[in-house]
Amino acid sequence: MNKNGTDIQFAVIGSAGDGTIAAGDILKRAMAGLGYKVIAFDIYPAEIRGFGKCISRVRITTEQAYSLKRHSDVLISLDDSYAIPHVGEVRDYGAVIYESSPIARLPEGGHMTAHVKPSQLPYGMQVRSISERVTASARSRNIVVLGYLAGLYGIDPQAFREIIADKFRTKAQAVTVQNTAAFDAGYEVGQSVFKLDDVQLGPPVRKGDSGKVTMMTGNGAVVRGCIDAGLDTFFGYPITPATTILERLAAELPKHGGRVLQTEDEISAIAATIGAGYTGARAATATSGPGLALMTEMLGLGVMGEVPSVVFVSQRGGPSTGMPTKTEQSDLNLAVFGGAGDAQRIVLAPTNVEGCYRTAGKAFEMAEKYQTPVVVLLDLYLSNRYETVIPPDANPFAPNLNKGLDAWRGDGEYPRFADTDDHISPRALPGEEGGMHTVTGLEHNQLGKPSDAPENHLAMNAKRHRKLDGALSHPDFTICKRFGDEGPVDVGILGWGSTFGEILEAMFAAQDEGIRCSAMKVVMLSPLPKERIVAFMDDCGTVLVPELNYEGQFANLISGALGRPVTKLTRSTGAPMQVEEILAEIRRLAQAKAA
Amino acid sequence: MTEPLKPVYLEDKLNEVRGDGHLRYRSSSLPTWCPGCGYFSVAEGVATALNRLKVPLKDAVIVSGIGCASRFPFFMETYGFHTLHGRTLPVATGVKVANDALTVLAVGGDGDAFAIGGGHIPHAARRNADITYMVFDNGIYGLTKGQTSPTSVEGFVTPSTPYESHDRPLNPLMMLLSYGASWVGQAYAGRPHHLTDMIAEAVAHRGFSYLHILSPCVTFDKTEMTYANLDVRVRDLPADHDPSDRLVAMEQATRAEAPALGLFYREERPTLIDGMNDIAARATGKASGKGKKNKK
């Protein structure tokens, strides 16, 4: 795609402490400010300081893009020992920017010049000496390189200067002055460098709404969605990669009248969330797989007691402590099935940053309306990646969907768990006269009194499951959506979560090659939109399910629930799936179909 | 005990009981506890105390965990939440944070509190969440038919410790005093009037109040925490006990062989909600906060 517009991916690679992530951050914010669409994702080690590889990849486009590219157009090395293994990711005629005069004598093969391929364009520059000349320190090397990059591509330097000033606004004024000088020095060098035609940048597409474009991460979008949906209380326990949700809400929610508490563990976080939900508040917590494992008993209580709660789960590599700073989609089973008994709950999985915002807000509507826990599955790749999004003009979320005590017009004792047409019971909230009742995790009758009568358990199980069917037609929410060719296709791709961006890019590429294919994203994983998925599968010669785990959890969910075969494409490397991997599989399936 | 017995006429007693209105706090569900269980005293005590404090039924929430004691909410006419084993305090904290106008009571047994739920208690205490936590301590797991608990005596023979328990019992009062609970007291189900007074005082306290209630299990413990044994072992706190002195309170708490009844410790300090209100004021720029960072 993007045959006419701009589509450039930068990769900044360095050691922890080099300012790699900071450089990527300034770069993507400057480009977003200029009006380009941005997708960016950082990779960093689990250790805070020392010797770990940091990579910041920033893809800027004029057309909508859905994922990062396998091949970067420009590689910027802040530490050759980490960057050299990545030279291969730079495309032919792509640029490699590196330190031309290393400070120490390097072992043979230790310098970038020995590794840049003949088909790549080497741009060596004296990064360190420029930084030291301008700022009397080597610490601004990352900013010097940014200036060089801006000069090389002829990007408006003012956009960078503004971001630099903003980034260091909490530091001493001298820090901003020095870094701006470092940027300008790099820019001057970059401008005077000989450029090949391949190094160029088209103008950004300025549309009417460009002034409203903002850039945020998946977790940032979740926070925005929580606030717009009127989140009242948030209880959290730090865990990578969900911590930033807790941190951002701790700073923002009190400004909007909400309360945030860091609890002693994840069990306490979900317990307090359910306690708050019981009072009628919109309540949420956020965690990762290990925390979700601890929360499953409480989710069961939420199901049994029909108490609203929202749990954001940013998945990482598992099992157990796994790979805290690597991405994976392997908590689907836990989210959908985890816990004792028949404890169906709503599980949603957005596929991009804009979807994180929408799903977060809608999760509160659904939790409240269907009186159930709602799990929102994110993953590290989605939580931490940046995308440019356009915020909605009006708040899209309904403020209160509780079916209240007013909906009960009976005599006698108030039946908190009355079965109704839609199986949702009128819910009295503490403080309301005439609605006193006890919620329990024991099986109970319609009055909420403990009961283990056989016909009662059967009826209550049915009520708790059937009420969730309403969520399949919840207003203004996309539970699943088909893209690509209409009607019968050779290859259909079913996807969920963050991998759907790569799936879309692969599908568009396959269409360009003449393969008839389409893709469906499934956002609601429980209850599963079976009819829609079956209708899609009926159109597909063969169905491919790419996902980032070892077992093929979504593929198993689909084939188990629908009794139909699918082709799995699973990867559990800790990194996002490559578009080319999916494309290759689409080609293979299309050829097998034709043969 | 030595007072001469006066005849009690049923009709007079019923009128007296109905008259003061505390029965409104009891639900239509009759307790499922064994006859003679100390928990009946607590149910009566909570009903009387809430009535005395004029807490509206609709504004009281009783949160419990799992166990005999945790069946408590079903027998009260307030709002109730019978949650999971050990999770009483986190749920109660969530209720209070979401709606601080509610009077929140948390109840559970010694196993619910100090075995599975032990990790939550220090945090509720240090935050000073305005919750009244009542632990009904019978030193045994009653609902699973009589296994040893964290407050059972050393050498206790139960179905799960047929060759005697070798674990030392915890001292809950010492723990709560060191956790920073702002109100710590002890009562005994065999002294229901004192128990009622203590419950009322605990509920009235602004902040985290911990009331330890010694309460015999008449079905599974025939030898240790019986009425007969406790009647002779319990004592009142000394008349000159100073409840503002934490060290003196701890000294009293160490004498576990002769449990003292009364208010061990009390302090007034900002509650969890006070702290959250302060955060809200700082976040919205309405407070002259001490913090130097004032980001936009």
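User: What makes β7(B) and strand β8 of chain B a pair, and in which sense do they run?

Analyst: This is a predicted model. Two strands pair if at least two bridges are found between them. β7(B) and β8 (residues 260-266) of chain B have two bridges and run parallel. So they count as a pair, by the cut-off of at least two bridges. Within β8(B), B:L261 is the residue opposite B:D236.

User: What makes β15 of chain A and β7 of chain B edge strands?

Analyst: Look at the order of the sheet. Nine strands run β15(A)-β2(B)-β1(B)-β3(B)-β4(B)-β6(B)-β5(B)-β8(B)-β7(B), in an open sheet with mixed pairing. β15(A) and β7 (235-236) of chain B each have a single partner strand, so one side of each lacks a neighbour in the sheet.

User: How do you know that β15 of chain A is joined to β2(B)?

Analyst: Count the bridges. Three of them link β15 (residues 438-440) of chain A to β2(B), and the two strands are parallel. The cut-off for a pair is at least two bridges. One bridge partner can be named: A:V439 has B:F81 in β2(B).

User: Which helix lies across β3, β4, β5, β6 and β8 of chain B?

Analyst: Helix α7 (residues 192-204) of chain B does. Its angle to β5(B) is about 160°.

User: Which elements of chain B supply the side that touches chain A?

Analyst: First the totals: 36 residues of chain B are in contact with 38 residues of chain A. On the chain B side, β2 (79-82), α3 (88-98) and α10 (272-283) each supply at least two residues. α3(B) gives the most, with eight residues. By class, this side of chain B has 19 nonpolar, twelve polar and five charged residues.

User: How do you know that the radius of gyration of chain A agrees with a compact globule?

Analyst: Set the value against the rule. For 595 residues, a compact globule would have a radius of gyration near 25 Å; chain A has 26 Å, so the two agree. The C-alpha atoms of chain A fill a box of roughly 85 × 65 × 50 Å along the principal axes. Buried residues make up 53% of chain A. Among contacts in chain A with a separation of 6 or more, 75% join residues 24 or more positions apart. Chain A holds 18 helices and 21 strands.

User: Which domains is chain A divided into, and how many residues of domain 2 are in contact with domain 3?

Analyst: The division gives domain 1 (7-192), domain 2 (215-273 + 284-386) and domain 3 (480-594). 24 residues of domain 2 of chain A are in contact with 22 residues of domain 3 of chain A. On the domain 2 side, α11 (332-337), β12 (346-348), β13 (373-379) and α13 (380-384) of chain A each supply at least two residues. The residues on that side are eleven nonpolar, nine polar and four charged. The C-alpha centres of domain 2 and domain 3 of chain A are 26 Å apart.

User: Why is A:K463 called partly exposed?

Analyst: A:K463 has 18 other C-beta atoms within 10 Å. Buried needs 20 or more, and exposed needs 12 or fewer. The count of 18 lies in between, so A:K463 is partly exposed.

User: Where is A:K463, and which residues does A:K463 touch?

Analyst: A:K463 sits in helix α14 (residues 454-466) of chain A. Leaving aside residues up to four places away in sequence, A:K463 touches A:D419 and A:H423. A:T420 is 43 residues from A:K463 in sequence, yet 8.7 Å away in space, C-alpha to C-alpha.

Note on methods:
Residues numbered from 1 in each chain as written. Chains lettered and ligands numbered in written order. Predicted model: local features only at pLDDT ≥ 70, side-chain atom pairs only at ≥ 80, totals over all residues. Contact = placed C-beta atoms within 7 Å. Helix = DSSP H or I, 4+ residues; strand = E, 2+ residues; numbered from the N terminus. Nonpolar A, V, L, I, M, F, W, Y, C, P; charged D, E, K, R; others polar. Axes fitted to C-alpha atoms, helices over the stretch in contact; angles between N-to-C directions. Rg over C-alpha atoms; globule rule 2.2 N^0.38 Å. Domains from an automatic or database assignment.
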